[in-house]
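Visitor: I would like to learn how to read a protein model. Could we take one feature at a time?

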Amino acid sequence: MSAPERLGHLSTGTCRQRLVDGTIGRVGWGNDRGPQILPVTYRVFEDKVVFRTDARGPLASLQGGEPVVFEVDGFDPSTRCGWSVVVRGRAYSTQHSPRATRLWGEADPVPWAGGRRSMFVSITLDEVTGRFVERQQEDPADEREEHR
Amino acid sequence: MTTTADTSSHFRPLTQAECQQRLEEHHTGRVAWEAADGPMMLPVSYELHLGRISFRTSPYGVLSRLVEPTNVAFEIDEIDTAAGTGWNVLVRGRAQAVTSTFTLSNLWKLEGVVPWATGTRNLFISIEPRSISGRQVKAPFSD
């Protein structure tokens, strides 16, 4: 029998921190074949989620403000605890962004998608929400502030 | 079969059998759909039952809108940037409420669909796949 769990919403500050700390997230968007999901390696730059992609790949259709959803999460199936942060915003792309290239170089994220990823896509953080499930034997101190 | 159309050679496609096996072995995924105000995505704990992705949710929650037939994407992955390994499986199909009494009575017995959070989560949604595709990183990452 599992210990009683607590279910709640993460504060905006915690959501932002989880986004900054993360490296892998999933982009969801719609095209003529319906909803799509792809994992990407990302960074948060200038208050946007930024990832690189192949200019000929499926994510390259995100260019001019398409509505998208972006999700990061952390789950532990053995304890059945976890959290997720969901960003809803718009996606914009650029092939030439010296600033993004420099920031990306400094951050040096290890890519999940290989190949030439000449296109930067950034997602605005229009709506950021987060949820968690935890159990009492987990480190509650870590999350306690989120109930304020 | 739909592929994720990645043009790089860093990935190899997973076979249908491999995708199926990973879907059976895992129990946490993300479902995405087109909501009235734009795309939405949420994690769910699920079970692959009779070829469908099934999960439980609250009749009052965001996911409850999937009781009506809805086009969805469902994704699982395991990515380890430190080890340079990773794969993902994408299911595309149609979600709707489970109404068959027979299926419901089976689903209530499955561990995988038990939601991590309690509360009144007595609504079963299942996704009937139209296409299943997956890919795996061939070699450790290098950039």
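**Strands, turns and a contact between chains**

Guide: Strands E2(A) and E3(A) run antiparallel and are joined by 8 bridges. Keep in mind that this is a predicted model.

Visitor: How many residues lie in the hairpin that joins E2(A) to E3(A)?

Guide: The hairpin passes from E2(A) to E3(A) through 2 residues.

Visitor: In what sense do E3(A) and E4(A) pair, parallel or antiparallel?

Guide: E3(A) and E4(A) pair in the antiparallel sense, over 4 bridges. A:Arg43 has A:Val50 in E4(A) as its bridge partner. These two strands also form a hairpin, with 2 residues between them.

Visitor: Is E3(A) largely enclosed or largely open?

Guide: The general idea is to count buried residues, where buried means under 20% relative accessible area. In E3(A), 10 of the 12 residues are buried, so the strand is largely enclosed by the rest of the structure.

Visitor: Which residue in the turn between E3(A) and E4(A) has a positive phi?

Guide: A:Glu46 does, with a phi of about 50°, although A:Glu46 is not a glycine. A:Glu46 is found in the loop between strand E3 (34-45) and strand E4 (48-53) of chain A. A:Asp47 is in the loop between E3 and E4 as well, and its phi is near 65°, again a positive value in a residue other than glycine.

Visitor: Now the two chains. What area is buried between chain B and chain A?

Guide: The size of an interface is often given as the accessible area lost when the parts come together. Between chain B and chain A the buried area is about 3,600 Å², and carbon and sulfur atoms give 61% of it. B:Pro39, B:Met41 and B:Trp116 supply 23% of the area that chain B buries against chain A, more than any other three residues. The contact takes 44 residues from chain B and 45 residues from chain A.

Visitor: How many salt bridges and polar contacts cross the interface of chain B and chain A?

Guide: The rule finds 5 salt bridges across the interface. There are also 7 residue pairs in polar contact, both residues being at pLDDT 80 or more.

Visitor: Which elements give two or more residues to the side of chain B that touches chain A?

Guide: They are strands E2 (28-35), E3 (38-49), E5 (70-80), E6 (85-97) and E7 (123-137) of chain B. By class, that side of chain B has 23 nonpolar, 12 polar and 9 charged residues.

Visitor: Which residues form salt bridges with A:Arg26?

Guide: B:Asp77 is one of them, with the closest N and O atoms 2.7 Å apart. A:Arg26 also forms a salt bridge with B:Glu75, and there the closest N and O atoms are 3.8 Å apart. A:Arg26 lies in strand E2 (residues 24-31) of chain A and B:Glu75 in strand E5 of chain B, so this pair joins two chains.

Visitor: Are A:Arg26 and B:Glu75 buried or exposed?

Guide: A:Arg26 counts as buried because its relative accessibility is 5%. B:Glu75 is buried too, with a relative accessible area of 0%. Both residues belong to a network of salt bridges that links A:Arg26, A:Glu71, A:Asp73, B:Arg30, B:Glu75 and B:Asp77.

Visitor: With which residue does A:Arg88 form a salt bridge?

Guide: The partner is B:Asp37, with the closest N and O atoms 2.9 Å apart. The pair crosses between chains, from strand E6 (residues 81-94) of chain A to the loop between E2 and E3 of chain B. A:Arg88 is buried at 10% relative accessibility, whereas B:Asp37 is exposed at 56%.

Visitor: How far apart in sequence are the parts that B:Glu128 and B:Arg52 tie together?

Guide: The side chains of B:Glu128 and B:Arg52 meet in a salt bridge of 3.6 Å, N to O. B:Glu128 lies in strand E7 and B:Arg52 in strand E4 (residues 52-57) of chain B, so the pair ties together parts 76 residues apart in sequence. B:Glu128 is partly exposed at 41% relative accessibility, and B:Arg52 is partly exposed at 34%.

Notes. Residues numbered from 1 in each chain as written. Chains lettered and ligands numbered in written order. Predicted model: local features only at pLDDT ≥ 70, side-chain atom pairs only at ≥ 80, totals over all residues. Heavy atoms only, no water. Contact = heavy atoms within 4.5 Å. Buried area = accessible area lost by both parts, 1.4 Å probe. Salt bridge = Lys/Arg side-chain N within 4 Å of Asp/Glu carboxyl O. Polar contact = N/O pair within 3.5 Å; in protein donor to acceptor, adjacent residues only side chain to side chain. Nonpolar A, V, L, I, M, F, W, Y, C, P; charged D, E, K, R; others polar. Buried < 20%, exposed > 50% of the residue type's maximum accessible area, 1.4 Å probe, protein only. Pairing = 2+ DSSP bridges.
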